[in-house]
Amino acid sequence: MTTASLEAPRAKKNRSAQGGSKPKDPWGSPAVYFIALVVVALTVAPVAYIVLGGFRDNSQITVDPAGFPSPWRPETYAHILQSSSFWHQFLNSTIAALFTAVLVIALGLSASYVLARYKFRGRGLMFGLFAAGLMFPITVAITPLFILLNNLHLTNSLIGVILPQVAFGLPTTIIILVPFLQAIPEEIEEAAAVDGCSRLRFYFKMVLPLSLPGVLTTGILTFVASWNSYLLPLFVLSDTNSFTLPLGVQQFRGVHGSDTAAVLAFTSLSMIPALLFFTAFERRIVGGLQGAVKG
Amino acid sequence: MSDTPQAPSALESSLDGNTTVMGGTNSVSPMTAVGRAPRQRTSWRERFEITLLSGPAILVFLAFVIAPVVAAFYYGFYRWKGFGPPTDFIGLHNYKVILTDPEFHRAVLHNFEILALSLLIQGPLAILLALLLNRKMRGRSVIRVLVFVPWVVSEVIAGTGLGLMLPVNGAINALLTNMHIFGDVKIQWLGPHMALWTLMAILTWKYLGFAIILLMAGLQNIPEELYEAASIDGASYWQQQRRITLPLLGPTIRIWAFLSIIGALQLFDLPWIVWGEFNVDRDGISTMATYMAHYGPRTGLYGYGNAVAVVLFIISMIVAVLYQRLVLSRDVDGAVTDGRKKR
């Protein structure tokens with residue numbers, strides 16, 4: 001069993017699934033489509049309620065809570081798109097998510113490289129340390145973490161959100177990336193060494209491009225997780241200027257509680273980036289997780 | 001790449017602290033790595049590279065994951081309002097209060113109810129849907145993306161939307177009335193009688209997509225040839241799923257169950273947002289984490305909040321270790337707990 005064969009067939013399989021094979025797929029049986037339709041209706045309904053609700057006005061919502069917009073009222077959306085606080089929170093969320101994703105990949109990929117390609121004393125311990133982190137989401141540490149960040153004067157700053165998110169994102173990242181790095185054939189590394197390429201240069205020139213599928217998967221998962229994260233910002237950010245969108249949604253609901261249409265419009269606008277991001281890369285995520293659940 | 005079902009997956013072996021990630025040439029178990037070390041001494045240059053590459057990750061991880069957990073144990077012994085360093089040492093008093101507080105007992109009970117129901121409801125549903133979405137048929141990719149939507153939508157957004165739909169005068173009851181289901185009866189979805197089931201419906205809606213993604217990734221690893229061989233032998237679709245898919249998907253299912261268990265024990269956002277801080281206990285869906293958030297820094301009880309965090313940590317760890325020993329050990333020998341026993 002050579003590790004060499006891993007990368008190529010998987011990449012090929014993904015590509016063929018993405019492009020070529022689609023027109024050839026047969027139609028499924030009507031029963032399957034019926035089940036799928038019911039499931040999709042259930043999964044999408046709450047999201048549709050939020051999006052469509054933003055196009056209704058409050059009297060429409062009160063008279064028939066479950067109805068469609070009639071007439072459509074885009075003003076609410078327009079109003080929120082013109083509010084500076086929405087864009088401010090949007091920017092905060094973007095900064096936090098981007099920096100978290102980039103840092104998680106930078107730190108996680110380097111550590112995974114060491115775990116995958118170096119033989120040294122303490123390697124098992126290092127792996128065990130990160131793997132243990134997998135068992136403990138941020139919830140467990142939130143109270144002491146808040147105290148720590150408070151002592152470091154990082155509360156009310158996006159750095160106070162980014163750094164813990166990076167730390168808690170590392171275990172998943174490493175679990176997903178290590179198999180990708182181990183799949184890079186030893187021969188490539190040896191050849192590079194013969195050509196006078198140092199291991200560090202090899203890391204930047206070869207490892208980075210070869211592990212791209214895994215990097216993309218973890219990057220997207222981290223970005224979406226950060227965009228959506230609530231508990232950590234709830235504890236760390238109390239100044240409205242530093243609010244990210246989830247906190248903004250909660251605050252908006254608190255202030256404009258009676259204006260249901262506006263709450264729904266605000267909510268639906270704040271979910272769009274994560275949704276687009278994920279939809280664009282959905283297939284890559286399944287492909288990238290494959291190594292981690294190799295059964 | 002071999003597709004032998006026995007090969008431990010990265011995730012599983014990592015859960016076991018075992019470094020044999022894949023059967024490749026590079027997988028060295030901790031035992032052999034240590035055994036080889038004297039012969040193949042790590043050069044100073046390699047040491048430098050290892051430090052340079054893994055140092056930052058380890059530092060950040062120690063500072064923001066390990067240190068807070070350790071600090072929680074320390075703060076938990078104090079009565080402390082968060083001003084200045086903790087000085088009022090009260091030993092195990094905080095823990096006595098937590099463990100005798102009926103409100104905390106209820107929270108723990110809810111956590112375990114949610115845990116059991118999550119596994120029972122989401123497991124079979126996710127397997128069926130993953131099988132369905134794995135069939136090659138037209139429109140599959142659109143269905144896939146739509147099924148994952150709830151998982152991508154944040155808890156706050158889902159919670160806000162559902163919080164507006166579920167009240168007695170909300171969209172759900174209106175929809176049921178419009179469709180003449182249950183006549184004019186308005187159901188109290190959020191009330192104490194229904195809350196747990198409503199929460200389970202919400203959690204299933206929210207997290208089923210993740211289970212499906214994971215299972216679909218696992219399904220892709222099952223070699224096509226097995227099904228071809230089975231259908232030549234005359235096995236029906238369902239026979240194939242029972243005899244081939246389920247056993248080979250076992251490791252992935254067990255990983256999903258592990259993540260689901262941990263998630264259920266740490267559940268916070270959705271009850272907190274849909275029901276609100278002050279309703280979760282009354283409506284019977286408080287969790288250890290909502291209890292912790294309610295009695296932690298937000299109320300100024302820093303020492304007490306940390307003690308709750310410690311209890312939550314210990315309960316999670318006991319469950320995680322038990323699960324590893326009883327369930328995951330079927331997949332990989334040599335868990336963290338008994339690393340000495342080699343296969």
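Because the model is predicted, local features need pLDDT of at least 70 and side-chain atom pairs count only at pLDDT 80 or more, while totals for chains, interfaces and linings use all residues. Residues are numbered from 1 along each chain as its sequence is written, and chains are lettered from A and ligands numbered from 1 in the order in which they are written.

We can begin with chain A, which has 14 helices and zero strands; helices (H or I, at least four residues) and strands (E, at least two) are DSSP runs, numbered from the N terminus. Buried residues account for 51% of its 295 residues, a residue being buried if 20 or more other C-beta atoms lie within 10 Å of its own, exposed if 12 or fewer, and partly exposed in between, with C-beta atoms placed from the backbone. Of the contacts in chain A with a separation of 6 or more, 80% are between residues 24 or more positions apart; two residues are in contact if their C-beta atoms, placed from the backbone, lie within 7 Å.

Chain A is divided into domain 1 (29-73) and domain 2 (84-289), with bounds that come from an automatic or database domain assignment. The centres of these two domains, taken over C-alpha atoms, are separated by 32 Å. Eight residues from domain 1 and seven residues from domain 2 form the contact. On the domain 1 side, helix H2 (30-53) and helix H3 (58-63) of chain A are the elements that give two or more residues, and H2(A) provides the largest share, three residues. That side divides into three nonpolar, three polar and two charged residues; here Ala, Val, Leu, Ile, Met, Phe, Trp, Tyr, Cys and Pro count as nonpolar, Asp, Glu, Lys and Arg as charged, and the others, Gly among them, as polar.

Chain B has 14 helices and two strands, and 46% of its 343 residues are buried. Among its contacts between residues at least 6 apart in sequence, 63% join residues at least 24 apart.

Where do the chains meet? In all, 99 residues of chain A are in contact with 107 residues of chain B. Helix H14 (residues 260-289) of chain A gives the largest share of the chain A side, 13 residues, and this side comprises 67 nonpolar, 21 polar and eleven charged residues.

The largest nonpolar core holds 173 residues, of which B:Ile212, B:Leu215 and B:Val308 touch the most other members; such a core is a set of buried Ala, Val, Leu, Ile, Met, Phe, Trp, Tyr and Cys residues joined through C-beta atoms within 7 Å. Its largest share, 15 residues, comes from helix H8 (residues 158-182) of chain A, and at least three residues come from each of domain 1 and domain 2 of chain A. Leaving aside residues up to four places away in sequence, B:Leu215 touches B:Ala126, B:Ile127, B:Ala130, B:Leu249, B:Thr252 and B:Trp256.

Helix H13 (residues 288-295) is mostly covered, with eight of its eight residues buried. These buried residues pack against helix H7 (138-151) of chain A together with helix H5 (102-134), H12 and helix H14 (302-326) of chain B. Helix H12 (residues 269-274) of chain B includes B:Val274, which is buried because 27 other C-beta atoms lie within 10 Å. B:Val274 touches B:Gly159, B:Leu162, B:Gly163 and B:Ile202, not counting residues up to four places away in sequence. The C-alpha atoms of B:Val274 and B:Ile202 are 9.8 Å apart, although 72 residues separate the two along the chain.
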